[in-house]
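Please consider the predicted model shown below. The paragraphs that follow move from the ligand surroundings to the strands and then to individual loop residues.

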Amino acid sequence: YMELVRGLNQGRGRKYFISTFGCQMNENDSEKLAGMLKKMGYEEGRDEAVSDVIVYNTCCVRESAEQKIYGHLGALKKLKEEKPDLVIAFCGCMAQKADVVEHIKNSYGHVDLVFGTFNIHRFPELLYEAINTRKTLVDVWDSWDQVVEGVPIERKDGVKAWVTVIYGCNNFCSYCIVPYVRGRERSRKPEDILEEVRALGRSGCKEVTLLGQNVNSYGKDLGNGLNFAGLLKMVNGVEEIERIRFMTSHPKDLTADLVSAIRDLNKVCEHLHLPIQAGSSRILRKMNRRYSKEQYLDMVDMIKREVPGIAITTDIIVGFPGESDEDFEESLDVVRKARFDMAYTFLYSKRQGTPAARDPDQVPEDVKKERFNRLLEEQNRISLEINKALEGQRLEVLVEGPSKNNEAVLTGRTRTNKIVNFSGSRDLTGRLVRVKITGARTWYLEGEMEE
Ligand code: 5AD
Ligand code: SF4
């Protein structure tokens, strides 16, 4: 396979630019797209204007993402007119939707290539073909049940890396488009994962984040008795790696042995991203989440008891169809009771083809926004309280490098995934250091390094 990619040595002296939208899974796919382009001889361009190949790796989880992407894509038309040899590729989750592909063909004729989430490993061949055809080349697969290994990868960061362990999702939450565009759950073999993590360790990487739409389902399809807690134990044994994170966990699949793994495995960090989505048990049922508010809160209690100091973060959707004022109050109540370190809050967005989109009882936009703001305010207050309580503590921080906004400041994360800014030499990048927390904000901490 690598031979084939290298054989398509069409990129020498040419540049590429990749725009990634959406989640870490897409970021990880973009690293593979970059890896394939590099193998073909391309170099990364500084921006779109200087590049010969532009790739849009897209997200369709909410309508706002789609609108933004169409906006950017429209703006490329002029560039293509000026540079007819420019190749524009459109891929990722949006490309898996038939209506999107139709729309691209009809209204964005300047796009040269459309491919989906199941065949990104074929990108080199498709690119080669697209360069030699005039009209928009479309190659989108409906599904694919095997996991493709051995795709080259060009990582964004040297200190920490994403490692996908399971693709797809079987849950069909009633609002969510992901199962339709990413297909059914497919776990990677443990030996392939371990090989990747070991190679990362040898190349200086200190932290891996194991990725999947629902990592707690890991292994179910492999039929070898291994589950996610077991995988964590294996990864914990990789010598050079110092920290292990993972996301996302579905509450319905959270097992006691996973909580024990977080508690007992020294490299597994004390942070759990556990999306609740809504506080009302009635709404949770309509969302097809398969747990109640009470079950969720009991779980949070158990986790905090077992793993003292753990940070729990969540996702919450406001304005799901049929959400009443009382239902929304339940979301506020959960936020107060669970005391999340952070919550990602979203306005419900209607996704064509999902059951919730057919619900006649849609919540008006202004009501959604008002609820959204109240929820955000409540959560921000709690995040700040939790962070304030860390002042004076000495925490282990993995140094990621100079801060993007201020080169003189180093930035890193605690085991609980909180950002800490402090001053120090950039040579410390990739090292674990002790930092005394001196200031707390809603989104990050400030500190002083201790020798
Ligand atoms: N509208 C709003 N938010 C959504 N999410 C998924 N689908 C939708 C939708 N239709 C949110 C969920 C999920 C996160 C990644 O995106 O909270 O956990
Ligand atoms: Fe979407 Fe639910 Fe699957 Fe998450 S678990 S990707 S919200 S269907």
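The model is predicted: local features need pLDDT of at least 70 and side-chain atom pairs pLDDT 80 or more, whereas totals for chains, interfaces and linings use all residues. Residues are numbered from 1 along each chain as its sequence is written, chains are lettered from A and ligands numbered from 1 in the order in which they are written, and side-chain values use heavy atoms, with hydrogens and water left out.

Phenylalanine 172 has a positive phi, near 50 degrees, although it is a residue other than glycine. Its relative accessibility of 30% makes phenylalanine 172 partly exposed, the class between buried (under 20% relative accessible area) and exposed (over 50%), with a 1.4 Å probe and protein chains only.

Around ligand 1 stand Val61, Arg62, Tyr175, Gln277, Asp315, Ile317, Phe346, Leu347, Tyr348, Ser349 and Arg351. Strands β13 (311-318) and β14 (342-347) each contribute at least two residues to this shell, which holds 6 nonpolar, 2 polar and 3 charged residues. An oxygen atom of ligand 1 lies 2.6 Å from a polar side-chain atom of aspartate 315, and a polar side-chain atom of arginine 62 is 2.9 Å from an oxygen atom of the ligand. The backbone also takes part: a polar backbone atom of tyrosine 175 lies 3.0 Å from a nitrogen atom of ligand 1. Of the 400 Å² of accessible area that ligand 1 has on its own, the protein covers 85%, by the Shrake-Rupley method with a 1.4 Å probe.

Glutamine 277, another residue of the ligand 1 shell, is in the loop between β12 (271-273) and α10 (281-286). Glutamine 277 is not a glycine, yet its phi is positive at about 75 degrees. With 8% relative accessibility, glutamine 277 counts as buried.

Which strands pair with β3? Strand β1 (residues 15-20) pairs with β3 in the parallel sense over 5 bridges, and serine 19 stands opposite tyrosine 56 in β3. Strand β4 (residues 87-92) is also parallel to β3, over 6 bridges, with isoleucine 54 opposite isoleucine 88 in β4. Between β3 and β4 the chain passes through helix α3 (residues 63-82) in a right-handed β-α-β crossover: with the strands pointing away from the viewer, the path from the first strand over the helix to the second runs clockwise. Pairing requires at least two DSSP bridges between two strands.

Why is β3 (residues 53-58) largely enclosed by the rest of the structure? The reason is that 6 of its 6 residues are buried. Val53, Val55 and Asn57 point one way from β3, and Ile54, Tyr56 and Thr58 the other way.

Key. A residue is near a molecule or strand if one of its heavy atoms lies within 4 Å of it. A polar contact is a pair of N or O atoms within 3.5 Å; within protein, one must be able to donate a hydrogen and the other to accept it, and residues adjacent in sequence count only if both atoms are side-chain atoms. Helices (H or I, at least four residues) and strands (E, at least two) are DSSP runs, numbered from the N terminus. Ala, Val, Leu, Ile, Met, Phe, Trp, Tyr, Cys and Pro count as nonpolar, Asp, Glu, Lys and Arg as charged, and the others, Gly among them, as polar.
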